[in-house]
Amino acid sequence: MRNIFISLCLLLMLSGFSLAQDEELTPYEIALERIEEAKMIGATDLDLSQLTLAEVPPEVGGLTNLQTLNLSYNNLESLPPEIGNLSNLQTLEARVNWLLELPPEIGNLVNLQKLL
């Protein structure tokens, strides 16, 4: 009986260990979660800074209420064209990235006042 109990405890511990590994999210997945949460609450600000993102999920384009988007301190080389859908965006922060150019759709941001 004792061996069964020990085996069961070991099995539960190992199961918990693998679950903990599955819960570790990539920077992209963290960004997607933040985007989804922002969409659900109709957020006007979104902070995706310091995630080491290599790319911004295109789903960000669905956040038409956004007024401020912070993408600073990532590893971005480009921005998705969907960025042009953010018609209410006033501030776009993208400091300390590897951006070489901006997508033409950036011209759609008619309310943009600050590009940092």
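A salt bridge here is a side-chain nitrogen of Lys or Arg within 4 Å of a carboxyl oxygen of Asp or Glu. By this rule, the count for this structure, which is a predicted model, comes to one salt bridge.

The partners are Arg 95 and Glu 93, and their closest N and O atoms are 3.7 Å apart. That value is within the 4 Å limit, so the pair qualifies. Glu 93 comes out at 18% and counts as buried, because the cut-off for buried is under 20%.

Now to helix H2.

H2 covers residues 27-41, which is 15 residues. From its first C-alpha to its last, H2 reaches 21 Å, close to the 21 Å expected at 1.5 Å a residue.

Which residues of H2 are buried? Ala 31, Ile 35 and Ala 38 are. These three cover an arc of only 65 degrees around the axis, so they lie on the same side of H2. What do the buried residues pack against? Their partner is strand S1, residues 45-47.

On the face of H2 turned away from that buried side, the exposed residues are Glu 37, Met 40 and Ile 41.

Last, the end of the helix. Gly 42 follows H2, and its phi is positive, near 65 degrees.

To recap: one salt bridge, by the rule I began with, and a helix, H2, with its buried residues packed against S1.

How values were computed:
Residues numbered from 1 in each chain as written. Predicted model: local features only at pLDDT ≥ 70, side-chain atom pairs only at ≥ 80, totals over all residues. Heavy atoms only, no water. Buried < 20%, exposed > 50% of the residue type's maximum accessible area, 1.4 Å probe, protein only. Helix = DSSP H or I, 4+ residues; strand = E, 2+ residues; numbered from the N terminus. Expected span 1.5 Å × (residues − 1). Arc of directions from axis to C-beta. Contact = heavy atoms within 4.5 Å.
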